[in-house]
Amino acid sequence: MSNAMSDFYVSWSDYYRTIEALAIQIHQSQWAFNQIVCLAKGGLRVGDILSRLFRQPLAILATASYGGPNNQVRGSITFGRDLTMTTANLGSRVLVVDDLVDSGVTLQKTLTWLDRQYGFYIDEMRTAVLWYKHCSVIKPDYYVHEFADNPWIHQPFEPYETLSIAELATMLDPPSDRIA
């Protein structure tokens, strides 16, 4: 198992096709879940699309484990205080989704957190990600791509990690004579 850092680049179209491939894989498993919990930020888009396709409620758990330059330094894991959800209770069969498992620690600790906070409601939890790295301490139930090595996955929204709103305004708002 190599810890060498290589690069894997994902376009917007590849990103959405990967989410769709994940959805098909979950569907073909015939597992009937009744709640999706996505890990924010990376799992937000994944959870949103799966929630729409499967017509199941989406709950959001805010997590953070990366920081530093370009948001590429793994640090300690921080969890939000609670889930954000639109249902009175969490479903009994929960699909936990994120964009990827790198070390796997966040996903593993999320399962523990959910069990401690909502275990009374939960009969079964399964996990789904777009990208699974073999260096992870946990193997997700569903994943589309797996990596024997440990590449840095450059997702299409990555430019927003370093772009400021002022730079964006300069790029998109050409000078004009209009009155604000």
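Predicted model: local features only at pLDDT ≥ 70, side-chain atom pairs only at ≥ 80, totals over all residues.
Asp 99 is buried and yet takes part in no salt bridge, since the nearest side chain of opposite charge, that of Arg 45, is 7.2 Å away, whereas a salt bridge is counted within 4 Å. Leaving aside neighbours within four places in sequence, Asp 99 is in contact with Gly 42, Gly 43, Val 46, Val 129, Leu 130, Trp 131 and Gln 155.

### The chain as a whole

The protein chain has four helices and eight strands, and read along the sequence these elements follow the pattern β-α-β-α-β-β-β-α-β-β-β-α. Of the 180 residues of the protein chain, 39% count as buried. Among the contacts between residues at least 6 apart in sequence, 68% join residues that are at least 24 apart. The chain exposes about 10,400 Å², of which carbon and sulfur atoms supply 52%.

In soluble globular proteins, nonpolar side chains tend to be buried together. In this model the largest nonpolar core has 23 residues, and those with the most contacts inside it are Leu 50 and Leu 95. The elements that give two or more residues to this core are α1 (12-29), β2 (35-40), α2 (44-54), β5 (93-101), β6 (124-133) and β7 (142-147), and the largest share, five residues, comes from α1. A second, separate core of 18 residues has Leu 83, Leu 90, Val 94 and Val 101 among its members.

Is Leu 95 buried or exposed? Leu 95 counts as buried because its relative accessible area is 0%, which is under the 20% limit. When residues up to four places away in sequence are not counted, the partners that Leu 95 touches include Ile 26, Trp 31, Phe 33, Ile 36, Val 37 and Leu 50, as well as Arg 126, Thr 127, Ala 128 and Tyr 142. Leu 95 and Asn 34 are 61 residues apart in sequence, while their C-alpha atoms are 8.0 Å apart in space.

### Salt bridges

The count of salt bridges comes to four, and three of them are set out below with the distance between nitrogen and oxygen atoms.

| Arg 17 | Asp 14 | 2.4 Å |

Arg 17 and Asp 14 are three residues apart in helix α1, so about one helical turn separates them. Arg 17 is partly exposed, with a relative accessible area of 48%, and Asp 14 likewise counts as partly exposed, at 33%. Arg 52 and Asp 48 both lie in helix α2, four residues apart, which is about one turn of the helix. Within this pair Arg 52 is exposed, with a relative accessible area of 57%, whereas Asp 48 is partly exposed, at 29%.

Asp 102 lies in the loop between β5 and α3 (105-118) and Lys 133 in strand β6, so the pair ties together parts that are 31 residues apart in sequence. Both partners are buried, Asp 102 with a relative accessible area of 8% and Lys 133 at 2%.

### Loops and surface

The peptide bond from Ala 40 to Lys 41 is cis, with omega near 20°, and Lys 41 has its place in the loop between β2 and α2. Gln 30, in the loop between α1 and β2, has a positive phi of about 65° although it is not a glycine, and at 71% relative accessibility Gln 30 counts as exposed. Arg 55, found in the loop between α2 and β3 (58-67), is another residue other than glycine with a positive phi, here near 55°, and Arg 55 counts as exposed at 67% relative accessibility.

On the surface, Trp 12, Tyr 16 and Tyr 160 form a nonpolar patch that together has about 340 Å² of accessible area. Tyr 160 is placed in the loop between β8 (152-154) and α4 (165-172), and Tyr 160 is exposed, with a relative accessible area of 55%.

Conventions. Residues numbered from 1 in each chain as written. Heavy atoms only, no water. Core = buried A, V, L, I, M, F, W, Y, C linked by side-chain atoms within 4.5 Å. Buried < 20%, exposed > 50% of the residue type's maximum accessible area, 1.4 Å probe, protein only. Lys, Arg positive; Asp, Glu negative; His and termini not counted. Contact = heavy atoms within 4.5 Å. Patch = residues over 30% accessible without salt bridge, like charges linked within 9 Å, V, L, I, M, F, W, Y side chains within 5 Å. Areas by Shrake-Rupley, 256 points an atom, 1.4 Å probe, with all protein chains shown as cover.
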